[in-house]
Amino acid sequence: MPDLSAQIKQLARDHGFDLAGVAGVGTHPELANFAPWIDAGHHGDMTYLAARNEQGELKRESLEYAAPWARSVIVCAVNYNSSAPRSTHAGSTREGWIARYAQGEHDYHDVLLPRLRQLEADIAKLAPPEPRFRSWCYVDTGPVVERVYAKYAGIGWIGKNTCILNEKLGSWIFLGVILTNLALQPDLPAADRCGSCTRCLDACPTHALLGPHQLDATRCIAYLTIEKRGTIPEDLRADMGRHIFGCDICQDVCPWNRKAPAGPLTELQPKPERINPALDWLAEMDLESYRNLVRKGPLQRAKWPEWKRNLAIAIGNSGDEALLESARRLANDPDPMVAEHGQWAVEHLSRLSSKND
């Protein structure tokens, strides 16, 4: 259905998506890497990634296992970049870092999903009467490896840091997906333009990128500060820098992001207090202040104990003796997990301070 594919992509742009494309549901070679990745335990505590169907097959390994009725995958993308400083250009050592995608006031799921559902409804109106139109739309919540289908929908190629890269928008893009039983005309897959560049691999401080396209999520700062519950392995803490929530380092060093434009959606623009927040200000927060800061946006995914845990590590890595009192308060936190990380911060900060004397 070549004409319908073109109409759908135009509708997507009309609904505010920057990019749209169509992928087939055939066996894409990249999906063969998923089961070994799960078997190696690289997904960590993200057990939902290892969900299986009744036959015991990994749902994300193939659409045949998760949605055997699907014939096409419509992939839509939104640019969330802003003019805010990058993590590699962060401010003073007394400031923490919040990932770019989480600096906005609104959760991107709440921004993209209504647009995606409107698009889905419009596609239903265009669909032929037979077979009866069937679809399933989601943002981050379905059993599909979105970046693989984004590649085959022509949205971008999969970078060596496992992020989707687009020539014009870089990697600052959110993806929304519609599975459908319509046999649409697929787009050509995007060409890989990473070349011999290894800046993302070389820049990862915790060595989470084991090689091109190989991510051990259990070592990734984004995983550690957002998905990981409880204690963070001590051997990783000193390399986590001052990250409070997420990490953009492998994207910030990517040459394709140098000239990436700022996104047009006001809902995704950053709030000033989420850009390089002062560590002492964060350390003084009580539970209510924390709730006010994280309300509505993606920051809600970091629970209060883990938020303080992340803060303790960031303070410990600041090397700023003026934050020692903040570290001591965290070391006396009633939560044993927070207190343990606070004590680490006190000791690590003291060691860093003594080296600077």
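Let me start with helix H4, whose 19 residues should span 27 Å at 1.5 Å a residue, and whose end C-alpha atoms are 27 Å apart, which agrees; the expected span here is 1.5 Å times one less than the number of residues. Helices (H or I, at least four residues) and strands (E, at least two) are DSSP runs, numbered from the N terminus. What you see is a predicted model, in which local features need pLDDT of at least 70 and side-chain atom pairs count only at pLDDT 80 or more, while totals for chains, interfaces and linings use all residues. Residues are numbered from 1 along each chain as its sequence is written, and side-chain values use heavy atoms, with hydrogens and water left out.

Staying with H4, the buried residues (under 20% relative accessible area, with exposed over 50% and partly exposed in between, for a 1.4 Å probe and protein chains only) are Tyr108, Val111, Leu112, Leu113, Arg115, Leu116, Leu119, Glu120, Asp122 and Ile123.

Tyr108 brings me to the rings. Rings of Phe, Tyr and Trp (its six-membered ring) pair if their centres lie within 6.5 Å, and planes under 30 degrees apart count as stacked, over 60 as edge-to-face and the rest as tilted. By this rule the count comes to 11 aromatic pairs. One of them is stacked, formed by Tyr108 and Phe174, at 4.2 Å centre to centre with 10° between the planes. Because Tyr108 lies in helix H4 (residues 108-126) and Phe174 in strand S7 (residues 173-180), this pair ties together parts that are 66 residues apart in sequence. Both Tyr108 and Phe174 are buried.

An edge-to-face pair is formed by Trp157 and Trp256, at 5.2 Å centre to centre and 75° between the planes. Trp157 lies in strand S5 (residues 157-158) and Trp256 in the loop between helix H9 (249-252) and helix H10 (279-283), so here the parts tied together are 99 residues apart in sequence. Are these two residues buried or partly exposed? Trp157, at 3% relative accessibility, counts as buried, whereas Trp256, at 28%, counts as partly exposed.

Tyr108 and Phe174 also belong to one aromatic cluster, together with Tyr80, Tyr101, Trp172 and Phe245. Over the face of Trp172 lies Arg100, at 5.2 Å from the ring centre, the criterion being NZ of Lys or CZ of Arg within 6 Å of the centre and within 35 degrees of the ring normal.

Turning to the strands, 8 of the 8 residues of strand S2 (residues 72-79) are buried, so S2 is largely enclosed by the rest of the structure. Ser72, Ile74, Cys76 and Val78 cover one side, and Val73, Val75, Ala77 and Asn79 the other, all of them buried. Strands pair if DSSP finds at least two bridges between them; S1 (residues 19-24) is joined to S2 by 6 bridges and runs antiparallel to it, with Leu19 opposite Ala77. S2 and S7 also pair in the antiparallel sense, over 8 bridges, and Cys76 has Gly176 in S7 as its bridge partner.

Finally, the cores, meaning sets of buried Ala, Val, Leu, Ile, Met, Phe, Trp, Tyr and Cys residues joined through side-chain atoms within 4.5 Å. The largest nonpolar core has 111 residues, and those with the most contacts inside it are Tyr101, Ile155, Leu179, Trp307 and Ile315. Apart from that core lies another, of 5 residues, among them Trp157, Ala190, Cys194 and Cys254.
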